[in-house]
Amino acid sequence: MVLFISVSGILSFVRQFLIINHIGAIRAEHDDFSIRFASALNQLALLKSMDGADMEWAKEVKGNLYDMVVEGFQLLSRWTARIWEQCAWKFSRPCKDLVSTASHEPVSLSDYEKVVRYNYSPDERKALVELVSYIKGIGSLMQKSDTLVADALWETVHAEVQDFVQNILATMLRTTFRKKKDLSRILSDMRTLSADWMANTSKPDSDMQGFQHGGEESRGVFFYPRPVAPTAAQVHCLQFLIYEVVSGGNMRKPGGLFGNAGSEIPVNDLKQLETFFYKLGFFLHILDYTATIANLTDVGFLWFREFYLESSRVIQFPIECSLPWMLVDHVIESQNAGLLESVLMPFDIYNDAAQHALVVLKQRFLYDEIEAEVDNCFDIFISKLCDTIFTYYKSWAASELLDPSFLFALDIGEKFSVQPMRFTALLKMTRVKLLGRTINLRNLISERINKVCRENIEFLFDRFESQDICAVVELEKLLEILQLAHELLSKELALDSFSLMLNEMQENVSLVSYSSRLASQIWTEMQNDFLPNFILCNTTQRFVRSSRVPPVPVQKPSIPHAKPNFYCGTQDLNSAYQSFARLHSAFFGMPHMYSIVRLLGSRSLPWLIRALLDHVSNKITTLEPMITGLQEALPKSIGLLSFDGGVAGCIRAVQDHFNCWQSKSDQKVEALRSIKEIGSILYWMSLLDIVLREVDTSQFMQTAPWLGLTPGVDGQAMQFQESEDSPIISLFKSLTAASVSNPSFPNSSSFRVLSRQAEAADLLYKSNINAGSVLEYSLAFTSAVIDKYCSKWSVAPKTGFVDITTSKDFYRIYSGLQMEYLEDAVQVQPTHHGMLGDSVAWGGCTIIYLLGQQLHFELFDFSHQVLNVAEVEVTTITSTHRNSLQGLEGILEAMKKARRLNNHVFSMLKARCPLEDKQACAIKQSGAPLHRIKFENTVSAFETLPQKEA
């Protein structure tokens, strides 16, 4: 039973001293007082705005306000006492040593860490922050109304004093103290000292009917209360005289000062004296309104730790041990939406401590310590706060950009939503008082967010540079999230333009700079990794990394790591977007091309196109000696394949023809690689052309109504409207004319400027309507490069007729390379796509087509001839001899696929680069061939894309 009582007693003490057990009642008191005090201020403001208000109502309003101020002082005193009590309890009950989770051994802690750092639970820290916020909030509310309530308080105090000295004391002198000369003299001195006799005559009688202060016989003195409060000396004198009257000079009066034992003063009079005595003591606090509030809201004692510094023999404790910083850090780390607006309140502890150190203790070294800690804490606070704000807005943006269908399909879609947090009040603060300095918190946050955005862009570029080109979709998505977060933040803060920051990080600020960091990185990736190591699948329109070709070693930095807010904000959102990025990480296709176009824009994209075409030129130049070497190694005569030997005989014959290339295996491999890279670039250009055409069409649909353009009869040609000017020019010209004709129109010159700008915009957009095709430009560029080697790769026959047996033109070389490549691919893998992909066909067929050798290739290609023999053989042999084709199905199927792919490439080239008007190989009436008619390149591309200087 004794143990039970002891435990229950301890629990009752804990409940009494810990704020967490009272915070609910304190919260209710705070809300109730805030509402009633604001209502009392509104009543007083209404009273001051009225002329000739009712005196009784005025007295009631001012008296109610006085009572509210008294109640506010009492609340502040009680709440501050709660903090004192909890601190005393914590200092008397330090925590025990912690146990390390790794070694399971106790961790040695300093005495101050035991009583402060590790002695407050998260709930207790939250309750303490909330109570400090309530104290500072109510104190600030009362302090701001100082000038508004001063007259009302003084008038109420004046009325209380005058009612006592002019009416109550007068009644006592007439009754109780009439025959007591000594006491009557003291009471008369009190009246002489404090009575305001001018208040009786300062207003006419008609105005003083409501102020009747007297006894039961209604013979009291009428006076008009004035906002003239008694001085502190008057108050102290009144207290002393009351003490003299009651005690009679006896310092040890039995029953206390106002006890009734042995007193000659009646109980009623003694009670009135006691009541007024205590009121006088409180008047001093009312009259010193500002100092009282500062004293009641002073919580600077939470910082002082000199005793523990002496006992621990250290100069200073770490910042983590400082209770004010612990509270600030708890608010930021907990991310409690209800506490965020109070995150600055704990800094008032530093203000109070600094004021106490300078004014009360008069110790400059203490102030210096506080100032140094505040500087450090505030820097860390700004960093952590901006990090929290940036994380929230980044998560908000990522959540907004998530695919709704993805969220709808998930049962746990709620975890990707972001709980709203109230940062608006913090982001609008421009005047934060800290140690006598005024800090513009909004500017500091803006500067920090600008820096964080730039760091985030830098990180995203570093991350992209450590991956292959397939990561461009992820880069675009992460930049889109960052841009939306920047847009949301810009509604609250004055931030730099996102495009400006992006250009700075891309080193693309100069007006004459057409390259950029991103464009250079894409080009580097294509040159070093994409073109050598990726293969094309024409069916899916995708490039994939080859598993057969030994990858070219590429030195890349390791992938950088950062906090989740540099990605999408939270771990859950990061996982969702990483799942999306993985869908596009194993190939390069149309989604990646869209991302490149949007990221580079019209400024850097031409530079990348020109760099790729220069690479084509270099590859063709590199290819020329290889082709020459293979031409020289060919036998003098290679005839058509005979049908007599069947498919197997034809294949053996081809192998015999090209045995001469066995010593040139390296040249063959390098030639195929060069042709593959040329084909990859041209196919990449075709994908780019599709994307740009879609972008141009979208832009045209937006600008056509303003430019006055309408589709022609065939749906393609555009014709202008009959009016001379486009609608946008006509609109601004009419506005300019109206502003000029109306003299009262303000600032008419601005409309003339807008009219000239409209004319410039009209010319700019009309000039971009007939933009050329990137693919056509690329083919024209390639054709111009090939022209230099036409005499070597397309030799006119000496006889004037088509040369069948002795030709060593490019189509014959490519046909041989294709044949050997197909045979090697079948031996290694049933499908040839795993070796070099379909880019070889695109490169080889494009060169053949631009050389005018398509018909020659289709007639004399070895794989075509073998397939022709196979078709004839299949139709002529009997069922008993069908086993003659066994073992050749793989090579025949590969040849068929190659023929279909070649035909597809030729059909595309005919559609995009027709040669009807510039026939490269025509037939004269005599039957002799006419080789390589020179033709001019089309105007479409060369005038619209930048030319590289010679």
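Arg 517 counts as buried because its relative accessibility is 14%, where buried denotes under 20% relative accessible area, exposed over 50% and partly exposed in between, computed with a 1.4 Å probe on protein chains only. The model is predicted, so that local features need pLDDT of at least 70 and side-chain atom pairs count only at pLDDT 80 or more, whereas totals for chains, interfaces and linings use all residues. Residues are numbered from 1 along each chain as its sequence is written, and side-chain values use heavy atoms, with hydrogens and water left out.

Arg 517 lies in helix α20, which spans residues 517-533; helices (H or I, at least four residues) and strands (E, at least two) are DSSP runs numbered from the N terminus. The side chain of Arg 517 forms a polar contact of 2.8 Å with the side chain of Glu 465. A polar contact is a pair of N or O atoms within 3.5 Å; within protein, one must be able to donate a hydrogen and the other to accept it, and residues adjacent in sequence count only if both atoms are side-chain atoms. With residues up to four places away in sequence not counted, Arg 517 touches Glu 458, Phe 461, Asp 462, Glu 465, Met 505 and Gln 506, contact meaning heavy atoms within 4.5 Å.

Asn 533 is also placed in helix α20. Asn 533 is buried, as its relative accessible area is 2%, and its side chain is joined to that of Asp 529 by a polar contact of 2.9 Å.

Zero disulfides are present in the structure, a disulfide being a pair of cysteine sulfur atoms within 2.5 Å. Cys 537 is partly exposed at 25% relative accessibility, whereas Cys 845 is buried at 0%.
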